[in-house]
Each structure stands twice: as C-alpha cells, then as structure tokens.
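Me: I would like to learn how to read this model, feature by feature. Please give me the general idea, then the case at hand.

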Amino acid sequence: MVTTRIPRTQGVLLAGGLARRMGGGDKPMRTIGGRTILDRVIARLTPQCDGLILNANGDPARFAAFGLTVVPDNIPDFPGPLAGILAALEWTVANRPEVEWVLSAAGDCPFLPRDLVARLHEARERESAQLAVAASGDQSHPVIGLWRVNLRDQLRHALVVEDLRKIDRWTARYPLATVTWPTEPLDPFFNANTVEDIAEAERLAALDEKRPA
C-alpha cells in the first residue's frame, strides 16, 4: 500500500509494442489462469500507485473495459518503451501537476512484486539517485522503474534529436538505483513474449495464487 513516506507516484502500464513474436495484437489481453494479463497487472499496481494510465497506440476503445485513461505515444513510428515513458511523464505534468514520480511497468508482466513501488523509492532515497529500476537474478528490467517527471524535456531531446532508443543508454546518464528481487519460486518480472510463454505463465499463475498477498 502507498504510505505517507512514499511520494505520490503515477503508474503507467506500457502496452505500446507491436507483439511481433506473438503474431501481432495486444499481449496484455491474452488470458492466463482465467484472467487477462492486463487485469493481473492492474491488480498488482493499483494499491501501490496514485492512479494508473495505459500507454497504447491505435484504437483506445479496445481497452475500455479496464477503465484506464489510454495515452498514446506522441513520437511517431513506434520508437519503443522510452516513448511510452515520455508520454506518461508529459501526461502527468498536464493532468497531475502535484506528482513528481512516474512508475513504469510492462503491461505483459502479470506477477509484479507487491512491494515494487516502495522498494524502488527506498533505494532511490538511500542512494540519492534520480532514477530506479528493477532487476531479478542477474537480469536488469529497465522498463520497470521510477522516473522523475522533471526529466521529461531531457528525455524528449534524447528521443527526438539524438534518436536514442535503448533505455539503459538513457538511465546511464543519471544516478541510478537498482533493486533486485529473487527469482524463486517465480520471477516476478516474467513476461509473456511468445505463444509458448503463455503456457509457462499458466503454470506460474498457479504458483502465484499460493503465495501470501
């Protein structure tokens, strides 16, 4: 749960990808364990964030059942997750001016940690960092992280002028905190990239249901 010592944090679920490895379509709309992946992500992050938005391109009506504001990329040609993060930062400035932080998460990660926002903020404060990202085992997950809203102009410049696309190249420019979660009994940052991953996700969903909330 969000506590008074954790700054207000706007959440954005990144679902702007093209899902080529799944043959196209919206990965977060796939079903595992009787629920869509997106339902599971929303359930994990709603208690941790002061509001959620969804970054997705195309017709927003396909997400109407989830009740989230859909914010498209405002840079053309699907430049990747940094464009979704930028869209969320700029939306937050326009709509939530009191909020200084945005938490980004992949819309196809159904088992996100319930302490994600708290631990990222704690690490950021402890290490006097401007950004914080998640990791599990020896794998970094830079798409899942905390972003200062006041870095939006620098990010737009990097995307538009420098044609920068890789998140880790962007984060390398700033003091960065990395928080690592264990991968047992399951990796909380497992994401469904392929059709085969959906079968694995079904198995992991059964494990996840047995874990304490």
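Me: How many residues of strand β1 are buried?

Reply: Buried means under 20% relative accessible area, exposed means over 50%, and partly exposed lies in between (1.4 Å probe, protein chains only). Strand β1 covers residues 9–14, and six of its six residues are buried. T9, G11 and L13 point one way, while Q10, V12 and L14 point the other way. Helices (H or I, at least four residues) and strands (E, at least two) are DSSP runs, numbered from the N terminus.

Me: What kind of model is this, and how is it numbered?

Reply: This is a predicted model: local features need pLDDT of at least 70, side-chain atom pairs count only at pLDDT 80 or more, and totals for chains, interfaces and linings use all residues. Residues are numbered from 1 along each chain as its sequence is written, and side-chain values use heavy atoms, with hydrogens and water left out.

Me: Where is the pLDDT below 50?

Reply: pLDDT is the predictor's confidence in each residue, from 0 to 100. The chain averages 89, and 93% of the residues score at least 70. Over residues 18–24 the pLDDT is below 50. That stretch has 17 contacts in the model beyond near neighbours in sequence; contact means heavy atoms within 4.5 Å. Where pLDDT is low, the predicted coordinates should not be read in detail.

Me: Which strands join β1 through bridges?

Reply: Two strands pair if DSSP finds at least two bridges between them. β1 pairs with β6 (residues 101–106) in the parallel sense, over six bridges. There, T9 has W101 as its bridge partner. Four bridges join β1 to β4 (residues 52–55), also parallel. In β4, the partner of L14 is N55.

Me: Which residues have the most contacts inside the largest nonpolar core?

Reply: A nonpolar core is a set of buried Ala, Val, Leu, Ile, Met, Phe, Trp, Tyr and Cys residues joined through side-chain atoms within 4.5 Å. The largest has 44 residues, and L13, L45, L54, L103, L112, L116 and L120 have the most contacts inside it. Apart from this core lies another, of 24 residues, including I53, V71, L89 and W147. Take L112: among the residues that L112 touches are V41, A105, I144 and F189.

Me: Why do the buried residues of α4 line one face of the helix?

Reply: An α-helix has 3.6 residues a turn, so residues three or four places apart point the same way. In α4 (residues 152–160), the buried residues are L155, A158 and L159. Seen down the axis, they fall within an arc of 95°, so they line one face. The arc is that of the directions from the helix axis to the C-beta atoms. Their cover includes α2 (81–95) and α5 (167–171).

Me: How many disulfides does the structure hold?

Reply: A disulfide is a pair of cysteine sulfur atoms within 2.5 Å. The structure holds zero. The sulfur of C49 is 14 Å from the closest cysteine sulfur, in C109, too far for a bond. C49 is buried at 7% relative accessible area, and C109 is buried at 3%.

Me: Which backbone angles deserve a look?

Reply: Most residues other than glycine have a negative phi, and most peptide bonds are trans. A cis peptide bond joins E184 and P185, with omega about 5°. S128 has a positive phi, near 50°. S128 sits in the loop between α3 and β7 and is exposed, at 61%. D163 has a positive phi near 60°. D163 lies in the loop between α4 and α5 and is partly exposed, at 49%.
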